[in-house]
Amino acid sequence: MLADPIPAPSVAEPRPEEDLLTDLMIGYQQADEKSATELVRRLSPILFRFLARQAPTRSDTEDLVQECWLRLHRARHTYRPPAPVLPWVFAIARHARIDVYRRRRHALAREIAVEMLPEPPYKAPPPAVQGPDLFKLLDELPASQREVLLMLKVTGMSLEEVARATSTTVGAVKQKAHRAYDKLFLLLDTGKT
Amino acid sequence: MKCSDMEQWFGESLRGVQAPLPKEALEHVADCPPCKALLEVVEQQPHDRPIPEDLERRIRSQVLGSLTPVPSIRSHFQRVLGFLGGFFALALAAFWIMGINPMEAFSVPNWPWIALVLAGGAVAMAISFSLQMEPGRRILIPPPVVLLAVAVAYGLALMSLVPWNEGGSWTEFGPWCLKYGLMVATPGAAVFWLLARRGVILRPMLMGASLGLMAGLVGATVMHFACLMNEARHQVAWHTAIPVAGLVAGYSVAGLGRVLGFGGTRRRTKP
C-alpha cells in the first residue's frame with residue numbers, strides 16, 4: 001500500500017510564523033511601536049484577503065479591515081501568550097464582519113432609495129486564463145462553510161486554529177470543510193459556475 | 001487517492017506555496033472530472049492580493065495613535081474563580097439577610113443533591129463565561145449547550161428529588177419566591193457584568209443570556225434554602241422560573257442594547 005503522498009493538515013503543530021506573531025503580539029501589548037507596525041504589516045493582508053470575499057465592495061472591505069483593527073486594538077489585552085494569534089484575530093474579525101453586516105442591513109432598511117450610481121463590486125485582477133472564478137464558486141456555499149474554507153485554504157490556518165476562531169470543535173470544522181468540498185465538486189461537475 | 005486527499009494541495013496552490021503535484025495525485029486528477037475542474041480553477045487564481053497602501057497607513061496611524069501598554073487578561077482559572085467567588089459571596093450575603101430554613105424543614109433529605117446540582121451549574125456557567133471572555137479559546141461544549149444543560153439539569157433535579165403532592169396550595173407562595181429570587185439575582189447580574197467586562201464580549205446576546213442564567217441561579221440557590229414549600233410542583237414552577245426569567249431578561253437587555261447601539265464600536269471617520 002502506498003504511503004499518503006499528501007499529509008493531512010496538522011492539528012496543532014507550532015509554526016515559526018506563529019512564534020513570530022506571538023512575539024509581536026507581546027510587544028504590541030507592551031506598546032512597542034515596532035512590534036505594532038510589523039503586526040499591522042503582517043496581519044492586514046491576511047484580514048483583507050479573508051474579508052474581501054465576504055464584503056460586497058472594495059470600500060466595504062477596507063472599512064471592515066479598519067473596523068477589525070479597531071476592535072483588535074481595544075481587545076488586545078484579551079490575548080494571552082503563548083496562545084496562537086490567528087484564532088484570536090479571526091474570532092474578533094468574524095464577529096466584526098457579522099456586526100457590520102447587521103448594522104448595514106439595519107441602516108439600509110431605513111434609508112430612502114435615491115438615484116445614484118452603485119459602486120462597482122470588488123473584483124480581483126483578471127486571471128491570466130479565462131475560466132470559472134473560484135471565489136464565485138465560494139459564493140454559492142453557505143456562509144459558515146465558506147468562512148471555514150477561506151480560513152483553511154486562503155489563510156492557511158490549521159483545523160485546530162479554525163476551531164478556536166469559530167468557537168467550535170475540530171470535528172465540526174472538518175465536517176463543514178468536507179461539505180464545502182462536496183458542494184464545490186458538485187458545482188463543478190454540473191457546470192454551475 | 002481520494003478527492004479529499006487533494007484538499008491540502010488546493011489550499012497551498014491558492015496561497016502560492018504549492019509543491020509539485022505527486023504522481024498519485026496526477027493519476028487521480030486524470031480520472032476524476034470534478035477534481036480536474038477544481039484544479040484548473042485553482043491554478044488560474046491570482047495569489048497575491050496586496051492591501052492598499054493608504055489603508056495600511058490609516059490602520060497604522062489608528063493603532064500607533066493610541067498605543068499604551070496593557071496587561072494581559074487574567075488566566076482562565078483565575079477568571080473562573082472570580083465568577084464562583086461572586087456567586088457564593090452573593091448567596092452567602094442573601095442567606096445572612098434572609099435566613100435559612102432549619103434542615104428539619106426538608107421532609108426528605110434532598111437538599112445536598114440539589115445543592116450539588118446548583119453548585120455544578122454555577123461551575124459550568126463560570127467556565128462558559130470565562131471562555132466567552134477570551135477570543136480564540138478552545139471550546140469543547142458550545143455555550144448555548146451549557147445554558148440549556150444547566151437549566152434542564154436544575155429542572156430535572158427538582159422533579160426527581162423533591163416530593164410531589166405534599167399538600168397545600170402550590171401557587172400561594174409562588175410569586176413571593178419569584179420576587180425575592182429575582183431581587184437576589186439583580187445584584188448578581190451587576191457583579192457578573194462587571195467581571196465579564198474585563199474580557200471582550202463577542203456575542204452580547206449569548207453573554208446576556210448566560211449572565212442572566214447565572215444570576216438567576218444565585219436567586220434559585222437562596223430560595224431553595226429560604227423557601228418553606230418543599231413541594232415539587234411549587235419548586236418546578238416558581239424556583240425554575242428564577243433562572244429562566246434571568247436568562248430571558250439578560251438576552252432581552254443585551255438585544256435592546258444592541259438595537260440602541262450600546263456596546264458596539266463607534267463608527268470611524270477616514271482621515
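This briefing covers chain B of a predicted model. Residues are numbered from 1 along each chain as written, and chains are lettered from A in the order written. Local features need pLDDT of at least 70, side-chain atom pairs count only at pLDDT 80 or more, and totals for chains, interfaces and linings use all residues.

**Fold and packing**
- Along the sequence, chain B reads α-α-α-α-α-α-α-α-α-α-α.
- Of its 271 residues, 47% count as buried (under 20% relative accessible area; exposed is over 50%, partly exposed in between; 1.4 Å probe, protein chains only).
- Among contacts (heavy atoms within 4.5 Å) in chain B with a separation of 6 or more, 84% join residues 24 or more positions apart.

**Nonpolar patch**
- Helix H5 (residues 76-98) of chain B gives the largest share, 3 residues.
- B:Trp96 lies in helix H5 of chain B and counts as exposed because its relative accessibility is 76%.

**Confidence**
- Chain B averages a pLDDT (the predictor's confidence in each residue, from 0 to 100) of 81, and 77% of the residues score at least 70.
- Over residues 264-271 of chain B the pLDDT is below 50, yet this stretch has 20 contacts beyond near neighbours in sequence.
- Where pLDDT is low, predicted coordinates should not be read in detail.
- The complex gets an ipTM of 0.75 and a pTM of 0.77 from the predictor.

Key: Side-chain values use heavy atoms; hydrogens and water are left out. Helices (H or I, at least four residues) and strands (E, at least two) are DSSP runs, numbered from the N terminus.
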